[in-house]
Each structure stands twice: as C-alpha cells, then as structure tokens.
Amino acid sequence: MSKLDQWMRYYREHAEGALRVENYVKAADYFSLASFTSIISDDIPQAKYFADEALNACKLGNLGDKHLELAKTAKALSSGNREEAEKRWQKIAEELQAEIINLYEGALRKI
C-alpha cells in the first residue's frame, strides 16, 4: 500500500468514526482531506465519493462555515472545476492548517 493510500485510508477511517459519533465537523474535514488525497492518487471516482460524503456531513451537522467551504472546494476539484475550487479556496485558505493546504495544492496540481 502506497503512502498516499495509507493517508487516504487514515482520513476515511477517521471521517467514518467521527460520523458515527455525530462529530460532523471532523467528519466533513476528514472526508474533504480524503477527497484531496484521492485526487492526488488519480482516483477521481473515489475523490467524488469523499467530497459528497463531506457535503453530507456538513448537511447533517448544519455546517455553513469554513468546513462547508472546504467540502465544496473538494467537490469542485473532484469535478474538475479548477476555477470554482480556487475561488472557494481563497475564502478559507488563511484559516487552515498546513496539512490541509499541502493536500489542496497537491490536488490542484492534478486538475
């Protein structure tokens, strides 16, 4: 298993665990990270699935802040809409941790 696959699995498992205990903020963010990691791995169908799961977690948790913007950014990237992703990213980039920023930039290079 590649390092990217290990990270994607880590993010997915943590997202699913957070969802089980109704921690929608963590679930949304981890699913978004799993989506970015899947894009970097060239697994676009998986990236779309994770982006949809991130959006679903936002809906379940009634999230409307940077977590929702991150999920929408993942959705835009996984759909190949670079321009929309970059616009959304600019709204939240200064608030995010370096790990998230690095994953987004890696995924952006793939689109």
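## Loops with positive phi

Glu22 sits in the loop between helix 1 (3–20) and helix 2. Its phi is near 60 degrees, a positive value in a residue other than glycine. Most residues other than glycine have a negative phi. Glu22 is exposed, at 57% relative accessible area. Asp42 lies in the loop between helix 2 and helix 3 (44–60). Phi of Asp42 is near 65 degrees, again positive in a residue that is not glycine. Asp42 is exposed too, with 55% relative accessibility. Exposed means over 50% relative accessible area, buried under 20%, and partly exposed in between (1.4 Å probe, protein chains only). Helices (H or I, at least four residues) are DSSP runs, numbered from the N terminus.

## Basis of the model

This is a predicted model: local features need pLDDT of at least 70, side-chain atom pairs count only at pLDDT 80 or more, and totals for chains, interfaces and linings use all residues. Residues are numbered from 1 along each chain as its sequence is written, and side-chain values use heavy atoms, with hydrogens and water left out.

## Nonpolar core

The largest nonpolar core holds 36 residues. Such a core is a set of buried Ala, Val, Leu, Ile, Met, Phe, Trp, Tyr and Cys residues joined through side-chain atoms within 4.5 Å. Phe36, Leu70, Leu77 and Trp89 touch the most other members. Helix 1, helix 2, helix 3, helix 4, helix 5 and helix 6 (98–110) each give two or more residues to this core. Helix 2 supplies the largest share, nine residues.

Which residues does Trp89 touch, not counting residues up to four places away in sequence? They are Leu70, Thr73, Leu96, Ile100, Ile101 and Tyr104. Contact here means heavy atoms within 4.5 Å. Thr73 lies in helix 4. Thr73 is buried, with a relative accessible area of 0%. Leaving aside neighbours within four places in sequence, Thr73 is in contact with Phe36, Ala85, Arg88, Trp89, Ile92 and Tyr104.

## Salt bridges

There are nine salt bridges in the structure. A salt bridge is a side-chain nitrogen of Lys or Arg within 4 Å of a carboxyl oxygen of Asp or Glu. Side chains of opposite charge can pair when their charged atoms come close. Arg88 and Glu69 form one of these bridges, at 3.0 Å from N to O. This pair links distant parts of the chain: Arg88 is in helix 5 (residues 82–92) and Glu69 in helix 4, 19 residues apart. Are the two partners buried or exposed? Arg88 is buried, at 17% relative accessible area. Glu69 is buried as well, at 15%.

Arg88 also bridges to Glu84, at 3.1 Å from N to O. Both lie in helix 5, four residues apart, about one turn of the helix. Glu84 is partly exposed, at 30% relative accessibility. Elsewhere, salt bridges that share partners join Arg9, Arg12, Glu13 and Glu16 into one network.

Arg82 and Glu86 form a further bridge, at 3.6 Å from N to O. They are four residues apart in helix 5, so about one helical turn separates them. Arg82 is partly exposed, with 33% relative accessible area. Glu86 is partly exposed, at 32%.

## Largest pocket

The largest pocket has a volume of about 200 Å³. On a 1 Å grid over the protein atoms alone, a pocket is an open set of points where a 1.4 Å probe fits, with protein on both sides within 12 Å along at least five of seven lines. Lining residues have an atom within 4 Å of a point. Grid points are joined across faces, edges and corners, and the volume is the space filled by probe spheres set on the points.

Which residues line the largest pocket? They are Val25, Lys26, Asp29, Tyr30, Leu33, Lys66, His67, Leu70, Glu95, Leu96, Gln97 and Ile100. Helix 2 gives the largest share, five residues. By class, the lining has six nonpolar, two polar and four charged residues. Ala, Val, Leu, Ile, Met, Phe, Trp, Tyr, Cys and Pro count as nonpolar, Asp, Glu, Lys and Arg as charged, and the others, Gly among them, as polar.
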